[in-house]
Structure formats: structure tokens, C-alpha cells
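Here is a briefing on a single protein model. Please look at the sequence and the structure first, then read the points below.

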Amino acid sequence: RILIGFSLGALAWNWSNPAALMLALVMPLLVMNAKSRTTAGLTALAYYLGSAWDLPHGAAVFFGNNLGTGLLNTAGGYALWLGASLALSLPWWALWTSNHYWRGLRLLLALGLVALPPIGIVGWAWPLTATGLVLPGFGWLGLGLMAFWLVLLASMPASKQAMRALLAALSFLIFLPVAMTQRPNPAPFWQGQDTQLGWGSGSLYWVEMYEHTQILKTAAQPLEPHHNLLLPETVGGEWRAVQPLWRNESARLNAQHSTVMVGVRQTYTQGYDNCLAAIGQHQGIAYCQRVPVPVSMWQPWSQTTSAHPHWFSHPVFKLGNQTIAPLICYEQLLVWPVLQSFLHQPDLILAPGNSWWSRQTHLPQIQIKAVHAWGRLFGVPVVTAMNY
């Protein structure tokens, strides 16, 4: 059972085929129907370890190259991987019960605890993210129906174990053709532009910011009138410094009623904000990241270098007559920022990221897979832009 848990996490989140994500729906049943609390906890732990097995390598690259001080080496990456997985497995361990009458309710409670803060700050690999693959367009109703189905299956007594397995297998076969059918949901008048700017994007060096700005302006020049462009997280550099460099291009974009959204930083004497800024027809800071990456960005022990979290602020913003749900990089892996944004019925998801440190891992693929599953569930187009 523990080995199956690891395999489910690894395959669901790391396999290139998007339909593989539906394997994550098996995890709550596998855990809650374990024979003992220990087995349940270890199975959940194995699932989360499998889902993010590339994290140690990515963390070692990030801290080794970016900080250059050996603050976090490979051992530190493994500590982050194991620590976050342990935190996510604890609710499943604590809420396991041998009483099938209470099993379904406890399954729901465990799903809620790993999705919401404080544990939800590292709440990736949420099983119900896969609902979008099998119930596209169902939105909140789809989440409710999937949760009800899992509760129904989990609540069956041991004497009906064969019936539970049969129903689970039948539902898998029914859902598989839907999951395999990936219908593109285009975003009219929007496009995303990946970049290859590598390490250092978002740093405060003038020469680098100038060079990056010239590259980004080149990417914006072919933009057609009344069309908009999304550029990756932090590639714009320090917002106050680069604003003058965009003045002429901004006037041109404004004249053709176009907007470029670019990831920038706003640095203060104490820390910084990780933001999306608008250039062109719309101008200024549109959104600041609610959940910076713990440890690497959000550092509660160091106010000087920490990114400011804006936990529940501005889950959407308006751009013309569109309501935009912004999800910057790490937020795409979590649950509660996504659901908070969808409470406001957005027309579009903008999902920029900066994956220079994880380009040789599956982590960018996991982010994109998750955000597209959410867009599919709610029938909302997704625009992505990654820097590698």
C-alpha cells in the first residue's frame, strides 16, 4: 500500500500525459481504507514524497546558484521535501479511523486541512485538483460531486470491499475517455510568451535589467492591436527602475489598445513584493503575490530579504471589462489561492512563472498541469508564461 501511494504521487503529478492526474483521486481511498493508522500515515507520506520527488534537486540548484553561500545544499533540499511531505501527511494520520461510519467525514476534513492554511501553505498535490479532468466545466458542483463520490466509496464497510473496488474501477473507466480528451479553451486576444533569460531574472543590476527590457520589448512588438501579452514572473526586474525604459513602448501599446503584463519586483527598505505590472493601455501594479515560496522567498526570520506575503489580498483584478485571476508561480501548486480567486468568477487565469532553477525537473510541468486542471474545471481559459 505504501509503495502504491508513492507510485500514485509520482505518476499522477510527474507523468507527461495530463490524464495521469486522475490517479491522484485514488489516494484518499487508499489512505483512509488502510488497516492501521501507521499504514495510513506512511501511505500519505509516500504519496506526497512521490508527487514532489524532483524538489530536492530543484532546491539545491536554487540555493546553490542564487545565494552562493551554501545556505541550502542537497541535504537542505531533502529536508524541505521531507518536512513538507510530513506536514501534509499528518492530517491523514491523525484522522484515520477503523470505523467506516466516520471514515467519509474524516476524509473530507483531511482534504480541507491540507488545502487551507497553515498546512495549506505547502498544500501541493491536492487529490481533488484532478476533478477538472473528469468533470470539466462543472465548477463548484464538480468539486462537491467528486468529494461525495469519494466519501461514498470510503464509507463502505470491509464486507463490501469488493463492491468498492468494482465501483472505483467502473468510475475510472467512465472518466478515462473524458480525461484523455483535452479540449483547448483559447483565451481571445491573449497570448503568453515563454523566455530563456535564465538565472538572475528579477535582480536589481542595472545592466541586466536594461538587457532584459530590450528582449521583452522585442517580444511585445509583434503584438496586434487590441491584443494582450503575458510575460513571466520577475523577468521585468525592479519596477521603479524599469518603468522609464518602457515609456516609448508603453505609448505605442496604448495607441493600439494593447497591454503587456510582466512580472516585476517592488523593493523596499524591508523586503519586497513579487508583482504583476501592466504596461500599455493599462498601467501600474495590478497584483502582488499572495503566497511567496516559503524559505526561498518568504523568510519570516529576515524581514530585510523576505518577500511580503499578501495572504488573502486581491484574489482578482480588473483589466478593462475582464476579471482576471492571477496565480504567480508557487500559487499554481496550492489550493486555497485558486479557490479564493474562483469565488469571484474570473474570466481568465494568468499564470506566470520563473522556472530557471527547476527547468531540468518536472516541477514546471506540475505547475502547468495543475493550473490547466483548475481552468478546465471552471471552464476558464488559462494563459501561461514561463522563464527558463
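A contact means heavy atoms within 4.5 Å. This is a predicted model: local features need pLDDT of at least 70, side-chain atom pairs count only at pLDDT 80 or more, and totals for chains, interfaces and linings use all residues. Residues are numbered from 1 along each chain as its sequence is written, and side-chain values use heavy atoms, with hydrogens and water left out. Helices (H or I, at least four residues) and strands (E, at least two) are DSSP runs, numbered from the N terminus.

**Confidence**

- pLDDT is the predictor's confidence in each residue, from 0 to 100.
- The protein chain has an average pLDDT of 92, and 95% of the residues score at least 70.
- Residues 65-69 stay under 50 in pLDDT. For this stretch the model has seven contacts beyond four places in sequence.

- Two strands pair if DSSP finds at least two bridges between them.
- Strands of a sheet pair through backbone hydrogen bonds, either parallel or antiparallel.
- An open sheet runs in the order β6-β7-β8-β9, and its pairing is mixed.
- Its edge strands are β6 (317-319) and β9 (382-387), each pairing on one side only.
- Neighbouring strands here are turned by 30 degrees against each other on average, direction ignored. Axes are lines fitted to C-alpha atoms, for helices over the stretch in contact, and angles run from 0 to 180 degrees between N-to-C directions.
- β6 pairs with β7 (residues 322-326) in the antiparallel sense, over three bridges. Within β7, Ile 324 is the bridge partner of Phe 317.
- β8 and β9 pair in the parallel sense over six bridges.

- Buried means under 20% relative accessible area, exposed over 50%, and partly exposed in between (1.4 Å probe, protein chains only).
- Six of the six residues of β9 are buried, so the strand is largely enclosed by the rest of the structure.
- Val 382, Thr 384 and Met 386 point one way from β9. Val 383, Ala 385 and Asn 387 point the other way.
- Asn 354 lies in strand β8. Its relative accessible area is 6%, so Asn 354 counts as buried.
- The bridge partner of Asn 354 in β9 is Asn 387. The side chains of these two residues are also joined by a polar contact of 2.8 Å.
- A polar contact is a pair of N or O atoms within 3.5 Å; within protein, one must be able to donate a hydrogen and the other to accept it, and residues adjacent in sequence count only if both atoms are side-chain atoms.
- Helix α14 (residues 363-378) lies across β8 (348-354) and β9, running at about 170 degrees to β9.
- Ile 368 is found in α14. With a relative accessible area of 24%, Ile 368 is partly exposed.
- Which residues does Ile 368 contact, leaving aside its neighbours within four places in sequence? They are Met 386 and Tyr 388.
- Ile 368 and Ala 87 are 281 residues apart along the chain, and their C-alpha atoms are separated by 24 Å.

**Five-strand sheet**

- A further open sheet has the order β1-β2-β3-β4-β5, with mixed pairing.
- β1 (190-192) and β5 stand at the edges with a single partner strand each, so one side of each is left without a neighbour in the sheet.
- Strands β2 (residues 228-230) and β3 (residues 259-267) pair in the parallel sense over three bridges. Leu 229 has Val 260 as its bridge partner in β3.
- Helix α12 (residues 247-255) packs on the sheet and touches β3 and β4 (272-280). Its direction makes about 55 degrees with that of β4.

**Backbone geometry in loops**

- The peptide bond from Pro 117 to Pro 118 is cis, with omega near 10 degrees. Pro 118 lies in the loop between α6 (100-115) and α7 (131-134).
- His 314 has a positive phi, near 45 degrees, in a residue other than glycine. It sits in the loop between β5 (284-288) and β6, and counts as exposed at 60% relative accessibility.
- Gln 345 has a positive phi near 50 degrees and is likewise a residue other than glycine. Its place is the loop between α13 (336-342) and β8. At 67% relative accessibility, Gln 345 is exposed.

**Cysteines**

- A disulfide is a pair of cysteine sulfur atoms within 2.5 Å. The structure holds zero disulfides.
- Cys 329 is in no disulfide, and the nearest cysteine sulfur, that of Cys 275, is 14 Å away.
- Cys 329 is buried, with a relative accessible area of 7%. Cys 288 is buried at 16%.
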